[in-house]
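Trainee: Please show me the model. I would like to ask what its labels rest on.

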Amino acid sequence: MALRRTLCALRAGTPNLATLSTAPAAREQPVPGLGAVPGRGADEAVRPPVPVVDFGNAREAYRSRRSWELARSLLVLRLCASPALLARHEQLLHLARKALGQKLFDKLMKMTFYGQFVAGEDQESIRPLIQHNKAFGVGSILDYGVEEDLSSEEAARKEMESCTSAVEREGSGTSKRERQYQAHRAFGDRRGGVISARTYFYANEAKCDSHMETFLRCIEASGGASDDGFSAIKLTALGRPQFLLQFSDVLTKWRRFFHQMAAEQGQAGLAAMDAKLEVAALQESVAKMGIASRAEIENWFTTETLGVSGTVDLLDWSSLIDSRTQLSKHLVVPNAQTGQLEPLLSRFTEEEEMQMTRMLQRMDVLAQKATEVGVRLMVDAEQTYFQPAISRLTLEMQRKFNVEKPLIFNTYQCYLKDAYDNVTLDVELARREGWCFGAKLVRGAYMAQERARAAEIGYEDPINPTYEATNAMYHRCLDYVLEELKQNAKAKVMVASHNEDTVCFTLRRMEELGLHPADRQVYFGQLLGMCDQISFPLGQAGFPVYKYVPYGPVMEVLPCLSRRAMENSGIMKGAQRERQLLWKELKRRLCTGDLFYRPA
């Protein structure tokens, strides 16, 4: 069966298909003053005190920047906060290009928006900026920012073709998948309402191979002298998204089936890790449904597969559709509307199975390369209708590659209502199976699109109801992970946030838990051109911090850059503190005769 081959392929080996160091430079620590960090061994050297980080000190925040760079930041951030300008930005860019010509237009972009948010056109031209940031304690996560410039109609057409199976096109398989996991033309252009996330549309297998080669170059450029570099990938760039939709549908139905059974046993509403099914009652229920014979069912729930507790939790339940168990051939669940048993996974054609296999092979090639060059590979989160499959495939990569240290990082979007359940389940799975947990925590990039899609198609909005609820979810998930880091020195987390309150919360909890920046368990990440008043004070104080560094030719990066400015307008309006600090430092340099300051 396709699903069994999927999981088998991930565990099997796959043939493999000028270095630039991007990790932050090591920082000298002040004179020792604190005791040893808990859980690291009594014989370990005494730790120096954790430096105090002051995000309000404009002079220190911008000592890596020349005055003209501060002026550019002020101008660009102010323009990006103007609704009137952003509403007409495409027409203005077209007029500027027509009036100036391509060469002058490129220079104008490099002096303003492109220069603010993009490092350069290729890996050679971005080297000075990367080395400069590194000298001030800030590393780089390279991101080739080229995005195909498609019309909305062309994007929707490609999406519908690549997200619909042959069975569904014949009209015989549509009803087996829930509406959330079907393609809908109104939302075919996945670029709409997306913040700071590049979007890929499937064209053919050769294009996916090209994306893989691009990711490989980024991984190679991020490796080298340091074993602490990062690179990011998107799974929708590596294969036909139809498979992600179908696999997500499988995983969601199987998880919902567990919660239905839990409700029958009086455990409705419990947190994901708290619900535990009594095996005897579960066997009885499954037998009554006619999914399999009683003898077969008894073989599923043995001490070898589930331990001796006599109960099944959600992790045990999820493992039952793994290729290692006999239940995997009985992939059926009851339809809540009809009461009939239905297969979880639509059948694949031979061509579709080949496309699925090649997607998994590309993932494996990237993970192997990351392992070879010592780079941590972050798998970006995407839309909720793809995410269950993306998370499961990432988990399989973690099982294989995170044995000694966390090389593969999964991404958790904390604006989702189920973010805490997802984090706690994966942390517990890593504990049970003995691999190293690695996570990136983000707020999320698809909120407007997700809300509109749920309302239009008719399923529950997956997003937290308020900004405050998302903040609370982020802090709850982060606190749980930090507690795990205290107990497990090999676990690591990337706190990707532009929110000063979230960064301060992290620093406070690190101090309370005895997590020292020198242990490099907690990383911080922000976008290039934004929140320098957070990134550079952290880096100069010795905390591991990274900038997401896009690069690529001006005209090829412009579609993504244009959307970033448009869709980040809400963030830019809230960047008043950043603009105040920029202006404060510019005025200080002007008044002290230091306007021509050059960073050491």
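Mentor: Begin with the cover over the buried residues of H10, which includes strand S1 (138-144), strand S2 (229-233), helix H16 (350-373), strand S7 (375-379) and strand S12 (545-551). Contact means heavy atoms within 4.5 Å; helices (H or I, at least four residues) and strands (E, at least two) are DSSP runs, numbered from the N terminus. The model is predicted: local features need pLDDT of at least 70, side-chain atom pairs count only at pLDDT 80 or more, and totals for chains, interfaces and linings use all residues. Residues are numbered from 1 along each chain as its sequence is written, and side-chain values use heavy atoms, without hydrogens and water.

Trainee: Which residues of H10 are buried?

Mentor: Among them are Cys-208, His-211, Phe-215 and Ile-219.

Trainee: What span is expected for H10?

Mentor: The expected span is 1.5 Å times one less than the number of residues. H10 (residues 205-222) has 18 residues and reaches 26 Å from first C-alpha to last, close to the expected 26 Å.

Trainee: Why does Gln-116 count as buried?

Mentor: Buried means under 20% relative accessible area, exposed over 50%, partly exposed in between (1.4 Å probe, protein chains only). Gln-116 has 5% relative accessibility, so it counts as buried.

Trainee: Why is Leu-104 called partly exposed?

Mentor: Its relative accessible area is 48%, and therefore Leu-104 is partly exposed. Leu-104 lies in helix H5 (residues 89-111).

Trainee: What does Gln-116 touch?

Mentor: Leaving aside residues up to four places away in sequence, Gln-116 touches Arg-72, Ser-73, Val-76, Leu-528 and Gly-529.
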